Amino acid sequence: MAMLEVKDISVYYGVIQAIKGISFEVNQGEIVTLIGANGAGKTTTMQSIMGLIPIREGHVFYEGKDITKTPCHKIVEMGMTQCPEGRRIFQELSVYDNLLMGAFSLKDKKNLKEDIEKIYTRFPRLEERKNQIAGTLSGGEQQMLAMGRALMSHPKLLMMDEPSMGLSPLLVDQVFDIIKDINKDGTTILLVEQNAGKSLAISDRAYVLETGKIVLSGTGKELMESEDVKKAYLGG
């Protein structure tokens with residue numbers, strides 16, 4: 001059974017159909033990537049899975065349960081968390097307080113200190129900046145904070161939306177290394193990325209979205225070798 005199953009979902013903005021009956025699945029332990037151009041529907045897909053945008057048709061199943069109409073905070077409590085596009089950190093709060101906010105859904109908070117220490121071990125820069133106001137961090141530091149905050153909820157499935165956006169090539173490499181490490185530690189990952197080359201290289205499987213439809217799917221390696229993908233997304 002798939003950990004996440006998206007089945008024939010359609011999403012509308014008013015009369016405009018943004019997502020057109022797409023289906024895909026993510027199995028436990030995988031890194032699965034959605035690639036596509038701007039406006040293809042990648043972020044809309046993620047937000048609809050998380051209950052932030054209503055799904056008009058179709059269903060989303062998480063660990064066998066239909067979560068199509070489940071509120072976002074309940075989905076987080078079930079073990080699925082999103083690291084959103086553009087970081088969306090709490091700009092006026094400190095790094096430490098941002099991490100605390102990531103644990104809001106935990107019923108048992110007795111291990112909070114230990115959880116934060118684990119984040120500092122993974123992201124040493126955050127420990128150096130723990131008392132700094134988050135809005136004053138660099139772009140790369142803010143991305144690390146967004147990832148650390150998401151991990152504070154102990155997700156079984158982490159959904160990441162454009163984690164490399166706006167970062168220098170060196171930081172992009174670091175972010176993808178961190179994603180691989182998070183996955184190795186047992187977290188399943190659904191990744192939305194415009195950097196098709198980097199994301200396909202670390203993915204077990206991937207799907208290509210175009211104007212709200214899935215037009216291609218396969219292993220990361222298969223899509224990297226696809227002539228259509230090379231021409232459209234890899235500069236080949």
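Q: What follows α1, and what is its phi like?
A: That's G51, which has a positive phi, near 80°. Helices here are DSSP runs of H or I with at least four residues, strands are E runs of at least two, and both are numbered from the N terminus.

Q: Before we go on, where do these values come from?
A: This is a predicted model, where local features need pLDDT of at least 70 and side-chain atom pairs count only at pLDDT 80 or more, while totals for chains, interfaces and linings use all residues. Residues are numbered from 1 along each chain as its sequence is written, and side-chain values use heavy atoms, with hydrogens and water left out.

Q: Thanks! Why is α1 said to be largely enclosed?
A: Because six of the eight residues of α1 (residues 42-49) are buried. Buried means under 20% relative accessible area, exposed means over 50%, and partly exposed is in between, using a 1.4 Å probe and protein chains only.

Q: Which residues of α1 are the buried ones?
A: They are K42, T44, T45, M46, S48 and I49.

Q: Switching topic: how many aromatic pairs are there?
A: One. F24 and Y207 form the pair, with 5.4 Å centre to centre and 50° between the planes, which makes it tilted. The rule covers rings of Phe, Tyr and Trp (its six-membered ring) with centres within 6.5 Å; planes under 30 degrees apart are stacked, over 60 edge-to-face, and the rest tilted.

Q: Which parts does that pair tie together?
A: F24 lies in strand β2 (residues 16-26) and Y207 in strand β9 (residues 205-210), so the pair links parts 183 residues apart in sequence.

Q: And are those two buried or exposed?
A: Both F24 and Y207 are buried.

Q: What does β9 pair with?
A: β9 runs antiparallel to strand β10 (residues 213-219), and six bridges join them. Strands pair if DSSP finds at least two bridges between them. In β10, S217 is the bridge partner of Y207.

Q: What about the turn of that hairpin?
A: There are two residues between the strands, and T211 has a positive phi near 40°.

Q: Last stop: where is T187?
A: T187 is in the loop between α7 (169-184) and β8 (188-193).

Q: Why does T187 count as buried?
A: Because its relative accessibility is 11%.

Q: What does T187 touch?
A: Leaving out residues up to four places away in sequence, T187 touches P155, K156, L158 and I182. Contact means heavy atoms within 4.5 Å.
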